[in-house]
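The paragraphs that follow lead from the overall dimensions of a chain to one of its sheets, and then to individual residues. Please keep the sequence and the model at hand while reading.

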Amino acid sequence: MKFGVIGHPISHSLSPIMHVANFNALGRNDQYSALDVSPQDFQYIKEIIKENELNGFNITIPHKESIIPYLDEISPSAEHIGAVNTVLVKDDKWIGYNTDGIGFVKGLIDKHGSIDNDNILVLGAGGASKGIVSEMMKFTNNKITVANRSITRFDNWKLDVEAMSLTDVKDILNTFDIIINTTPVGMNESSSELIIPIENINKNTLVCDIIYIPNKTPFLQACEKRGLAIYNGLDMFVYQGAESFKIWTGKEAVIEEMKNKVKNELK
Ligand code: ATR
């Protein structure tokens, strides 16, 4: 079968080598390619996918929302999040899914164990946050707190969360067992900005970032220096890919092979 990832820019994507590692581990002859499609050319997406004879594909920045009008069907959770990262091509029909949220949550539970009774804080209220929060709600009994720079971001949120500003959450940081940064703060290595003041975080808190390049954001570095447990976004990347593979083929991916390959590339 043929798969691929559509994005712009895309040349640095680790998705092809990660998926090929899985195909090899399973003894499959599948192919996975990276296709650079600029926003101007996105109108030709139907033709591009047909030409490449893809059975399924991933969609990444900046097209996760632009793909939606081209779909024949969309999963309820992708519709709710308003973003699609996985498309299944079935009998010429395109069905859209979002595996980012479940990717993060599966990785988190694998690392941390059950999150049933944890008090969780999510920083940021964009698409990534919405996907992660809606998936986590299935696994925890507590109401999740979401803090964002601008409070108006919550206007289109239908999820039952404790919504607050980044400023207000600073006073209650010591009440959380797990804190997850979903904003791009820390992605740019030249900035040492921390999204929240880390001195208020409880010593037993697990601090997560969905960024994995750099492998430790200034936020994670500072938390680690304080002796806190940290967790970056690498597992989320691997598990979202594994979930996409399952949607396309109905088969379980070999997570460890995928993870090792990506880790090696990032060394
Ligand atoms: P994604 O799909 O990656 O979640 P997005 O939907 O554009 O991207 O959302 C980006 C999130 O990061 C938003 O919550 C944004 O906050 P605002 O709603 O206030 O814009 C947050 N964000 C981006 N840059 C930030 C910064 N410098 N400080 C704090 N939050 C930031």
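A residue is called buried here if 20 or more other C-beta atoms lie within 10 Å of its own, exposed if 12 or fewer do, and partly exposed in between, the C-beta atoms being placed from the backbone. The model is a predicted one, in which local features need pLDDT of at least 70 and side-chain atom pairs count only at pLDDT 80 or more, whereas totals for chains, interfaces and linings use all residues. Residues are numbered from 1 along each chain as its sequence is written.

By the burial criterion, 43% of the 267 residues of the chain count as buried. The C-alpha atoms fill a box of roughly 55 × 40 × 35 Å along the principal axes. A compact globule of 267 residues would have a radius of gyration near 18 Å, and the 19 Å of the chain agrees with this; the radius is taken over C-alpha atoms, and the globule rule is 2.2 Å times the number of residues to the power 0.38. Among contacts with a separation of 6 or more, 62% join residues 24 or more positions apart, two residues being in contact if their C-beta atoms, placed from the backbone, lie within 7 Å.

The chain has nine helices and 12 strands, which are DSSP runs numbered from the N terminus (helices H or I, at least four residues; strands E, at least two). Six strands form an open sheet with parallel pairing, in the order β9-β8-β7-β10-β11-β12, where two strands pair if DSSP finds at least two bridges between them. Because β9 (162-165) and β12 (229-231) stand at the edges with a single partner strand each, one side of each is left without a neighbour in the sheet. Neighbouring strands are turned by 20° against each other on average, direction ignored. Helix α5 (residues 127-136) packs on this sheet, where it touches β7 (120-123), β8 (145-148) and β10 (178-181), and its direction makes about 165° with that of β7; axes are lines fitted to C-alpha atoms, for helices over the stretch in contact, and angles run from 0 to 180 degrees between N-to-C directions.

Strand β11 (residues 206-209) pairs with β12 in the parallel sense over three bridges, while four bridges join β10 to β11, also in parallel. Leu 206 is the bridge partner of Ile 178 and stands opposite Ala 229 in β12; Cys 208, in turn, stands opposite Tyr 231 of β12. Both faces of β11 are covered, with Leu 206 and Cys 208 buried on one side and Val 207 and Asp 209 buried on the other. Together with helix α7 (residues 218-225), β11 and β12 make a right-handed β-α-β unit, meaning that, with the strands pointing away from the viewer, the path from the first strand over the helix to the second runs clockwise.

Not counting residues up to four places away in sequence, Asp 209 touches Asn 181, Gly 186, Thr 217, Phe 219, Leu 220, Asn 232 and Gly 233.

An unreviewed UniProt entry lists Lys 64 for "active site"; UniProt positions are given in the numbering used here, feature names are shortened, and annotations may be inferred rather than shown by experiment. Lys 64 is buried, since 23 other C-beta atoms lie within 10 Å. Leaving aside neighbours within four places in sequence, Lys 64 is in contact with Ile 59, Ala 83, Val 84, Asn 85 and Gly 127.
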